[in-house]
Amino acid sequence: MSEQAEGCVTPSTGPILDIPETLEASPVAEKEVSMTLARVGEPAPDFELSAFHEGGFKNVKLSDYKGKWIVVCFYPGDFTFV
Amino acid sequence: MQSLGVEVFAISVDSRFSHKIWQETELSKMVEGGVPFPMLSDAGGKVGTVYGVYDEAGGVDIRGRFLIDPDFNIRAMEVMTPEVGRNVNELIRQIKAFQHVFATGEVTPAAWEPGKPTLKPGPDLAGNVWKEWKPEEQV
(Lines give C-alpha, C1' and ligand atoms only; values in the text may rest on other atoms or scores of the structure.)
Protein backbone atom coordinates (compact mmCIF):
# COMPACT_ATOMS: atom_id res chain seq x y z
CA MET A 1 0.00 0.00 0.00
CA SER A 2 1.48 3.37 -0.97
CA GLU A 3 2.31 5.83 1.75
CA GLN A 4 0.02 8.84 1.75
CA ALA A 5 1.22 12.40 2.18
CA GLU A 6 0.70 13.40 5.80
CA GLY A 7 -1.94 16.14 5.61
CA CYS A 8 -4.53 17.07 8.17
CA VAL A 9 -7.31 15.36 6.29
CA THR A 10 -7.07 12.01 4.63
CA PRO A 11 -10.00 11.14 2.42
CA SER A 12 -11.36 7.73 3.25
CA THR A 13 -14.62 6.50 1.95
CA GLY A 14 -16.56 5.40 4.99
CA PRO A 15 -19.14 2.74 4.20
CA ILE A 16 -18.76 1.02 0.82
CA LEU A 17 -22.19 0.01 -0.40
CA ASP A 18 -23.78 -1.16 -3.63
CA ILE A 19 -26.22 1.58 -4.46
CA PRO A 20 -27.98 1.03 -7.83
CA GLU A 21 -27.04 3.65 -10.40
CA THR A 22 -30.56 4.95 -10.83
CA LEU A 23 -30.73 5.91 -7.17
CA GLU A 24 -27.34 7.53 -6.84
CA ALA A 25 -28.29 11.04 -7.81
CA SER A 26 -31.58 11.11 -5.94
CA PRO A 27 -32.26 11.94 -2.28
CA VAL A 28 -33.30 8.33 -1.76
CA ALA A 29 -29.64 7.33 -1.98
CA GLU A 30 -28.92 9.32 1.17
CA LYS A 31 -31.55 7.34 3.03
CA GLU A 32 -30.16 4.01 1.78
CA VAL A 33 -26.84 4.80 3.33
CA SER A 34 -28.28 5.56 6.73
CA MET A 35 -30.11 2.22 6.97
CA THR A 36 -28.69 -0.45 9.23
CA LEU A 37 -27.34 -3.11 6.93
CA ALA A 38 -25.44 -5.31 9.34
CA ARG A 39 -27.30 -8.49 10.17
CA VAL A 40 -26.14 -11.78 11.59
CA GLY A 41 -25.95 -14.35 8.81
CA GLU A 42 -25.58 -11.67 6.14
CA PRO A 43 -22.43 -10.32 4.50
CA ALA A 44 -20.71 -7.62 6.50
CA PRO A 45 -21.04 -4.10 5.10
CA ASP A 46 -17.68 -3.10 3.68
CA PHE A 47 -15.96 0.13 4.57
CA GLU A 48 -12.70 2.00 4.34
CA LEU A 49 -11.56 4.25 7.17
CA SER A 50 -8.37 6.00 8.15
CA ALA A 51 -6.61 4.38 11.07
CA PHE A 52 -3.72 4.57 13.48
CA HIS A 53 -1.66 1.40 13.69
CA GLU A 54 1.87 0.57 14.76
CA GLY A 55 2.88 4.17 15.16
CA GLY A 56 1.60 5.34 11.79
CA PHE A 57 -1.51 6.28 9.84
CA LYS A 58 -3.01 4.27 7.02
CA ASN A 59 -6.37 3.52 5.41
CA VAL A 60 -8.00 0.24 6.33
CA LYS A 61 -10.50 -1.46 4.02
CA LEU A 62 -12.48 -4.27 5.60
CA SER A 63 -12.79 -6.39 2.47
CA ASP A 64 -8.98 -6.56 2.22
CA TYR A 65 -9.24 -8.98 5.14
CA LYS A 66 -11.81 -11.26 3.55
CA GLY A 67 -10.72 -14.86 4.05
CA LYS A 68 -9.79 -14.29 7.68
CA TRP A 69 -11.81 -14.23 10.86
CA ILE A 70 -12.44 -10.61 11.79
CA VAL A 71 -13.62 -8.91 14.96
CA VAL A 72 -14.84 -5.33 14.62
CA CYS A 73 -15.13 -3.54 17.94
CA PHE A 74 -16.97 -0.25 18.16
CA TYR A 75 -16.47 1.82 21.26
CA PRO A 76 -17.74 5.24 22.34
CA GLY A 77 -14.49 7.10 22.65
CA ASP A 78 -10.84 7.33 23.45
CA PHE A 79 -10.06 8.32 27.01
CA THR A 80 -13.43 6.98 28.27
CA PHE A 81 -13.78 5.01 31.45
CA VAL A 82 -15.04 1.51 30.88
CA MET B 1 -6.29 -13.25 19.33
CA GLN B 2 -3.40 -13.64 16.94
CA SER B 3 -3.05 -17.29 17.94
CA LEU B 4 -6.62 -17.87 16.76
CA GLY B 5 -5.81 -16.19 13.44
CA VAL B 6 -8.26 -13.36 14.04
CA GLU B 7 -7.87 -9.82 12.73
CA VAL B 8 -9.16 -7.28 15.22
CA PHE B 9 -10.16 -3.70 14.46
CA ALA B 10 -11.21 -1.10 16.99
CA ILE B 11 -13.42 1.75 15.77
CA SER B 12 -14.64 4.94 17.35
CA VAL B 13 -15.66 8.33 16.01
CA ASP B 14 -12.41 9.82 17.29
CA SER B 15 -9.83 11.01 14.80
CA ARG B 16 -6.72 9.00 14.06
CA PHE B 17 -4.77 11.68 15.88
CA SER B 18 -6.78 11.08 19.03
CA HIS B 19 -6.17 7.33 18.67
CA LYS B 20 -2.45 7.99 18.41
CA ILE B 21 -2.36 10.08 21.56
CA TRP B 22 -4.58 7.67 23.52
CA GLN B 23 -2.35 4.79 22.54
CA GLU B 24 0.79 6.67 23.50
CA THR B 25 -0.37 8.23 26.74
CA GLU B 26 -2.68 5.66 28.32
CA LEU B 27 -3.06 2.36 26.52
CA SER B 28 0.64 1.64 26.34
CA LYS B 29 0.72 1.97 30.12
CA MET B 30 -2.18 -0.43 30.62
CA VAL B 31 -0.99 -3.02 28.13
CA GLU B 32 2.62 -3.83 27.27
CA GLY B 33 3.38 -2.07 23.99
CA GLY B 34 -0.13 -0.66 23.69
CA VAL B 35 -2.96 -2.32 21.82
CA PRO B 36 -1.62 -4.18 18.78
CA PHE B 37 -4.56 -3.79 16.42
CA PRO B 38 -5.52 -0.92 14.11
CA MET B 39 -7.69 1.80 15.61
CA LEU B 40 -10.05 3.13 12.97
CA SER B 41 -11.55 6.57 12.76
CA ASP B 42 -15.28 6.58 11.95
CA ALA B 43 -15.73 10.33 11.53
CA GLY B 44 -19.40 11.26 11.57
CA GLY B 45 -20.40 7.75 12.61
CA LYS B 46 -21.15 6.69 9.04
CA VAL B 47 -19.87 3.15 9.41
CA GLY B 48 -21.47 2.92 12.85
CA THR B 49 -24.79 3.85 11.27
CA VAL B 50 -24.52 1.07 8.71
CA TYR B 51 -23.72 -1.37 11.54
CA GLY B 52 -26.58 -0.06 13.67
CA VAL B 53 -24.43 1.22 16.52
CA TYR B 54 -24.26 4.95 15.91
CA ASP B 55 -25.94 7.00 18.62
CA GLU B 56 -26.95 10.25 16.96
CA ALA B 57 -27.79 12.04 20.19
CA GLY B 58 -24.39 11.37 21.71
CA GLY B 59 -22.51 11.51 18.42
CA VAL B 60 -20.63 8.31 19.24
CA ASP B 61 -20.59 4.66 18.26
CA ILE B 62 -21.91 2.62 21.16
CA ARG B 63 -20.27 -0.59 22.33
CA GLY B 64 -20.90 -3.05 19.48
CA ARG B 65 -18.73 -6.02 18.62
CA PHE B 66 -19.13 -8.03 15.38
CA LEU B 67 -17.57 -11.37 14.50
CA ILE B 68 -17.11 -11.90 10.74
CA ASP B 69 -16.19 -15.26 9.18
CA PRO B 70 -13.78 -15.89 6.26
CA ASP B 71 -16.72 -15.78 3.81
CA PHE B 72 -17.33 -12.22 4.98
CA ASN B 73 -20.60 -13.06 6.73
CA ILE B 74 -21.42 -11.67 10.16
CA ARG B 75 -21.68 -14.59 12.60
CA ALA B 76 -22.26 -12.88 15.90
CA MET B 77 -22.84 -9.46 17.30
CA GLU B 78 -23.10 -8.10 20.78
CA VAL B 79 -24.25 -4.55 21.35
CA MET B 80 -24.39 -2.94 24.80
CA THR B 81 -24.97 0.51 26.18
CA PRO B 82 -21.69 2.07 27.23
CA GLU B 83 -21.90 1.58 31.00
CA VAL B 84 -20.90 -2.10 31.03
CA GLY B 85 -17.62 -3.38 29.62
CA ARG B 86 -17.25 -6.45 27.44
CA ASN B 87 -16.21 -9.96 28.46
CA VAL B 88 -13.39 -11.03 26.20
CA ASN B 89 -13.61 -14.65 27.39
CA GLU B 90 -17.07 -14.96 25.87
CA LEU B 91 -15.77 -13.51 22.61
CA ILE B 92 -12.92 -16.02 22.54
CA ARG B 93 -15.34 -18.85 23.31
CA GLN B 94 -17.57 -17.73 20.43
CA ILE B 95 -14.65 -17.46 18.02
CA LYS B 96 -13.52 -20.99 18.83
CA ALA B 97 -17.07 -22.29 18.51
CA PHE B 98 -17.71 -20.59 15.16
CA GLN B 99 -14.32 -21.66 13.84
CA HIS B 100 -15.22 -25.25 14.78
CA VAL B 101 -18.62 -24.94 13.12
CA PHE B 102 -17.08 -23.35 10.01
CA ALA B 103 -14.55 -26.16 9.72
CA THR B 104 -16.68 -29.18 10.59
CA GLY B 105 -20.33 -28.36 10.00
CA GLU B 106 -21.18 -29.57 13.51
CA VAL B 107 -23.11 -27.33 15.85
CA THR B 108 -22.15 -26.34 19.37
CA PRO B 109 -24.75 -26.46 22.18
CA ALA B 110 -25.16 -23.87 24.93
CA ALA B 111 -22.09 -23.07 27.02
CA TRP B 112 -19.86 -25.07 24.69
CA GLU B 113 -16.12 -25.01 25.31
CA PRO B 114 -13.43 -26.79 23.29
CA GLY B 115 -13.40 -30.42 24.30
CA LYS B 116 -17.09 -30.59 25.18
CA PRO B 117 -19.46 -32.61 23.02
CA THR B 118 -20.82 -31.10 19.81
CA LEU B 119 -23.84 -32.13 17.80
CA LYS B 120 -24.03 -33.27 14.20
CA PRO B 121 -27.16 -31.68 12.81
CA GLY B 122 -29.46 -33.88 10.75
CA PRO B 123 -32.92 -35.42 10.75
CA ASP B 124 -31.78 -38.26 13.04
CA LEU B 125 -30.86 -35.78 15.73
CA ALA B 126 -34.40 -34.39 16.05
CA GLY B 127 -35.85 -35.77 19.27
CA ASN B 128 -32.56 -37.45 20.15
CA VAL B 129 -30.57 -34.49 21.43
CA TRP B 130 -31.08 -35.80 24.99
CA LYS B 131 -28.91 -38.80 24.14
CA GLU B 132 -25.96 -36.61 23.14
CA TRP B 133 -26.11 -33.57 25.35
CA LYS B 134 -27.20 -32.87 28.93
CA PRO B 135 -28.31 -29.44 30.22
CA GLU B 136 -26.16 -29.93 33.36
CA GLU B 137 -23.21 -29.42 31.06
CA GLN B 138 -24.20 -25.75 30.98
CA VAL B 139 -22.95 -24.99 34.48
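Biologist: Where is Pro109(B) found?

Modeller: Pro109(B) sits in the loop between α3 and α4 (129–132) of chain B. Helices here are DSSP runs of H or I with at least four residues, strands are runs of E with at least two, and both are numbered from the N terminus. This is a predicted model, in which local features need pLDDT of at least 70, side-chain atom pairs count only at pLDDT 80 or more, and totals for chains, interfaces and linings use all residues. Residues are numbered from 1 along each chain as its sequence is written, while chains are lettered from A and ligands numbered from 1 in the order in which they are written.

Biologist: With which residues is Pro109(B) in contact, leaving aside its neighbours within four places in sequence?

Modeller: Those residues are Leu119(B) and Trp133(B). Contact requires that the C-beta atoms of two residues, placed from the backbone, lie within 7 Å. Pro109(B) has 17 C-beta neighbours inside 10 Å and therefore counts as partly exposed. A residue is buried with 20 or more other C-beta atoms within 10 Å of its own, exposed with 12 or fewer, and partly exposed in between, with C-beta atoms placed from the backbone.

Biologist: What span should α3(B) have?

Modeller: The 17 residues of α3(B), at 1.5 Å a residue, should span 24 Å, and the end C-alpha atoms are 24 Å apart, which agrees. The expected span is 1.5 Å times one less than the number of residues in the helix. Just after α3(B), Gly105(B) has a positive phi of about 80 degrees.

Biologist: Changing topic, how many residues does each chain give to the contact?

Modeller: Chain B gives 52 residues and chain A gives 37 residues. Elements of chain B that contribute two or more residues to its side include α1 (16–30), β5 (63–68) and α3 (88–104). That side divides into 26 nonpolar, 13 polar and 13 charged residues. Here Ala, Val, Leu, Ile, Met, Phe, Trp, Tyr, Cys and Pro count as nonpolar, Asp, Glu, Lys and Arg as charged, and the others, Gly among them, as polar.

Biologist: In which sense do β4 of chain A and β5(B) pair, parallel or antiparallel?

Modeller: Strand β4 (residues 69–74) of chain A and β5(B) pair in the antiparallel sense over 4 bridges. Pairing requires at least two DSSP bridges between the strands. Ile70(A) stands opposite Ile68(B) in β5(B).

Biologist: And what phi does Phe72(B) have?

Modeller: Phe72(B) has a positive phi of about 75 degrees although it is not a glycine. Phe72(B) lies in the loop between β5 and β6 of chain B.
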